[in-house]
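Student: I would like to learn how to read the contacts in a model of protein and DNA. Could we take the features in turn, with the general idea before the particular case?

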Number of protein chains: 2
Amino acid sequence: MLAAAIELFSEKGYHNVSMYEIAQKAEFSIGTIYKFFKNKEGLYKSLIVEQADRFHDALTNAIEETDDEIEKLRNYVKTKSKVFKDNVSVVRLYFAETRGASFNIKAGLDCEIRERYGRFMHTLALIFENGMKNNRFRKIGRPYDLAVALDSVCNGFLLLWLESPEQNPYPENPDVILNIFFKGLVDP
Amino acid sequence: MLAAAIELFSEKGYHNVSMYEIAQKAEFSIGTIYKFFKNKEGLYKSLIVEQADRFHDALTNAIEETDDEIEKLRNYVKTKSKVFKDNVSVVRLYFAETRGASFNIKAGLDCEIRERYGRFMHTLALIFENGMKNNRFRKIGRPYDLAVALDSVCNGFLLLWLESPEQNPYPENPDVILNIFFKGLVDP
DNA sequence: TCAAAATATGACGTATCATCCATATTATGA
DNA sequence: TCATAATATGGATGATACGTCATATTTTGA
């Protein structure tokens, strides 16, 4: 049932999907949906929160797999790629909620998702902070700024890939993305 | 009239704004709106395209103001900040259309806006390409990738700033962003 | 086997809106 | 000044869709 809703919301957007459509696709009746969810908004909300948590959990696990800061970042980029590629339809919704301005639901959802996203960003920032403390990284910016920057770049590439996967492949090698940060553009 | 629509769409989203509301705010009657625009979708479309063009024109001009590649990038970052700060409500819509998955309109608009965005991204990529040709920049990645990366980072910071302007100020100094690219994170 | 509980159904009440168009208002210019 | 053109208005209309609930179906267990 959630799967049907995800696919439809992802394809047409919250306001362009009717409960009738969802019921059809899920092979349930409308009434049954209302047994599981308070209303349409509740369905969407629980769907988004569940999926966002899945993403963040996977990313957090990837980071914690090793102690080496550079390897952590590599794992992060790789996992982000993998998880997103395996969940294309969810990614569209995830981006709509975390990156773009989501107008799907009047208010309230944004806060919850954004808060979780913010917490994860702090986890990411910690890698840069530690890397700077033990001199693996040069102090070229605030750790949180670097975390935002890295995540933004990954999202940028993922967005291109979403638009036209064959024309804009998400780099297989995480270093294509990381080198933008690791190697300076101008000579030191 | 466009101003009223922008504000409402930006605040509540396409589907949560009625023509009645727009008419009220614009101090016109509903019928008059239909004299100027074919329908609600037409209103939104012309509004978005016009604003996106304004943004891209301003950014293109900023880039063309100087011949120095580094200075071009500085102008880009600075102008992006300025234009966006002066048009907060529009930015939300612009992001929804170019960054997040826009579900406001069934189809067609995406293409037009995205295409313009893509064209601009090529302009930006040209700076990196030229900079590499004349050895101002090291060849740390494909020019187009670097353009996407820089734009994504700016967008990332702008998004934070949109969420809570006082807690996450968009860096006054463009080098805070550019140094992420200019200076390598790890020792060469 | 069958009655009672649990669950599923989908037609319907109600509300909202986009859009149209008959009418009213304003502008023009002779 | 007034007839005619141009423009503005907002109530009427029809379509869509959420959420309910009386009814139907299935499951349970005695």
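**Reading the DNA contacts and the chain interface**

Tutor: A residue is near a strand if one of its heavy atoms lies within 4 Å of it, and by that rule the residues around DNA strand D are A:Val17, A:Ser18, A:Met19, A:Tyr34, A:Asn39, A:Lys40, B:Phe28, B:Ser29, B:Gly31, B:Thr32 and B:Lys35. Of the atoms of DNA strand D that come within 4 Å of the protein, 71% belong to sugar and phosphate. This is a predicted model, in which local features need pLDDT of at least 70 and side-chain atom pairs count only at pLDDT 80 or more, while totals for chains, interfaces and linings use all residues. Residues are numbered from 1 along each chain as its sequence is written, chains are lettered from A and ligands numbered from 1 in the order in which they are written, and side-chain values use heavy atoms, with hydrogens and water left out.

Student: Which residues have polar atoms close to a phosphate oxygen of DNA strand D?

Tutor: A polar contact is a pair of N or O atoms within 3.5 Å; within protein, one must be able to donate a hydrogen and the other to accept it, and residues adjacent in sequence count only if both atoms are side-chain atoms. Here a polar side-chain atom of B:Thr32 lies 2.7 Å from a phosphate oxygen of DNA strand D, one of A:Tyr34 lies 2.9 Å from a phosphate oxygen, and A:Val17 places a polar backbone atom 3.4 Å from a phosphate oxygen.

Student: Which residues are closest to DNA strand C?

Tutor: DNA strand C is surrounded by 13 residues, and the closest are A:Ser29, A:Thr32, B:Met19, B:Tyr34 and B:Lys40. Sugar and phosphate make up 68% of the atoms of DNA strand C that come within 4 Å of the protein. The side chains of A:Thr32 and B:Tyr34 each have an N or O atom 2.8 Å from a phosphate oxygen of DNA strand C, whereas for B:Val17 a polar backbone atom is 3.3 Å from a phosphate oxygen.

Student: Which helix gives the most to the surface near DNA strand C?

Tutor: Helices (H or I, at least four residues) and strands (E, at least two) are DSSP runs, numbered from the N terminus. H3(A) gives the most to the surface near DNA strand C, with 4 residues, and for DNA strand D the most comes from helix H3 (residues 30–36) of chain B, with 3 residues.

Student: How is chain A related to chain B?

Tutor: Copies are superposed by least squares on the C-alpha atoms of residues with pLDDT of at least 70 in both. A rotation of 180° with 0.0 Å of shift along its axis brings chain A onto chain B (RMSD 0.0 Å), which is the relation of a two-fold axis.

Student: How many residues does each chain give to the contact?

Tutor: With contact taken as heavy atoms within 4.5 Å, chain A gives 47 residues and chain B gives 47 residues. Of the interface residues of chain A, 100% are also interface residues in chain B, so the copies meet through the same surface.

Student: How is the size of an interface expressed?

Tutor: It is often given as the accessible area lost when the parts come together. Buried area is that loss (1.4 Å probe), summed over both parts; between chain A and chain B it is about 4,300 Å², of which carbon and sulfur atoms give 66%.

Conventions:
Buried area = accessible area lost by both parts, 1.4 Å probe.
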